[in-house]
Amino acid sequence: YKRQHVNPNCRRLISGSKDGTAIVWDTLLGRLVFTLGGHTNGVTCVRWGGEGLIFTASEDKTIKVWSSKDGKLCRTLTGHGHWVNTLALNTDYALRTGAFDHTGEKELDLDKAKEKALKRYNDVKGEDHERLVSGSDDFTMFIWNPFESKQPIIRMTGHSRPIILVSFSPDGRYIVSASFDKSLKLWSSSGKYLTTFRGHVGEVYQVCWSADSRMLVSGSQDSTLKVWDVRRKKLKFDLPGHADEVYTVDWSPDGEKVVSGSKDRMLNLWRE
């Protein structure tokens, strides 16, 4: 969605497709606004940033940066040797939650909501431009400054199979990567390797941060969820309960609940 600190009505939505295009929609009118065409293979991931840019990743091994105002192509980021599966911005959590924080209070005044969302966004972004991290089937990750350069800041290696998901912590200090090599890896926001979380006996499909950036929850092919302590760098809880592969996990902004979705056709709600 177009971000709350830019437009509190949040009417615009972007979708990516196997046909190689991404489309921006007006959700109120149910109408196509413009199409982002340029990839030569399927679009695997889209991100709407907070500085007027849209990012698309593709099976054509590239990441494209577009203007969210008119859909014009700004630059193409190249470097990966295989499909780019996943993208994350260091401001993702603030962008996703907008004016909503752990208190659960809803701001009814749209101008005040926009002001609160902007403050939360700026607190994480700081004085620099947004940073982007990408993960690929080539087992590597790149950190980019897409607002200014086509060149990556750093290349991160260590996984032995495709990387399915990358995510910045809500406070922007860490990056976590989930891979088909059955592990999670923790990195600093500058790309320095910190530790590996091992414990899953199947491919890791999903990972999500707690709102305070102190814990992670992961979902795996092995049918379990696992909660990891970031500071102690070890397993905190093992959560069996699904009868098949866990495809998706999410942690509520108030920090009290985790939801998981599985191939067993069940949604499970977990509370600490």
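Strands here are DSSP runs of E, at least two residues long, numbered from the N terminus. This is a predicted model, so local features need pLDDT of at least 70 and side-chain atom pairs count only at pLDDT 80 or more, while totals for chains, interfaces and linings use all residues. Residues are numbered from 1 along each chain as its sequence is written, and side-chain values use heavy atoms, with hydrogens and water left out.

**View 1. A nonpolar patch featuring Leu267.** Leu267 sits in strand 22 (residues 267-271). Together with Val259 and Leu269, Leu267 makes a nonpolar surface patch of about 310 Å². Patch members have over 30% relative accessible area and no salt bridge (a Lys or Arg side-chain nitrogen within 4 Å of an Asp or Glu carboxyl oxygen), and nonpolar side chains are joined within 5 Å.

**View 2. The largest nonpolar core.** Core residues are buried (under 20% relative accessible area) and joined through side-chain atoms within 4.5 Å. Strands 5 (53-58), 6 (63-67), 8 (84-89) and 10 (141-144) each give two or more residues to this core. Apart from it lies another core, of 13 residues, including Tyr174 and Leu216.

**View 3. Thr195 and its contacts.** Thr195 belongs to strand 15 (residues 193-198) and, at 13% relative accessibility, counts as buried. Leaving out residues up to four places away in sequence, Thr195 touches Leu184, Lys185, Leu186 and Lys233 (heavy atoms within 4.5 Å).

Conventions
Buried means under 20% relative accessible area, exposed over 50%, partly exposed in between (1.4 Å probe, protein chains only). Helices (H or I, at least four residues) and strands (E, at least two) are DSSP runs, numbered from the N terminus. Patches are made of residues with over 30% relative accessible area and no salt bridge: like charges are joined within 9 Å, nonpolar side chains (Val, Leu, Ile, Met, Phe, Trp, Tyr) within 5 Å. Accessible areas come from the Shrake-Rupley method with a 1.4 Å probe; for residues, only the protein chains shown count as cover.
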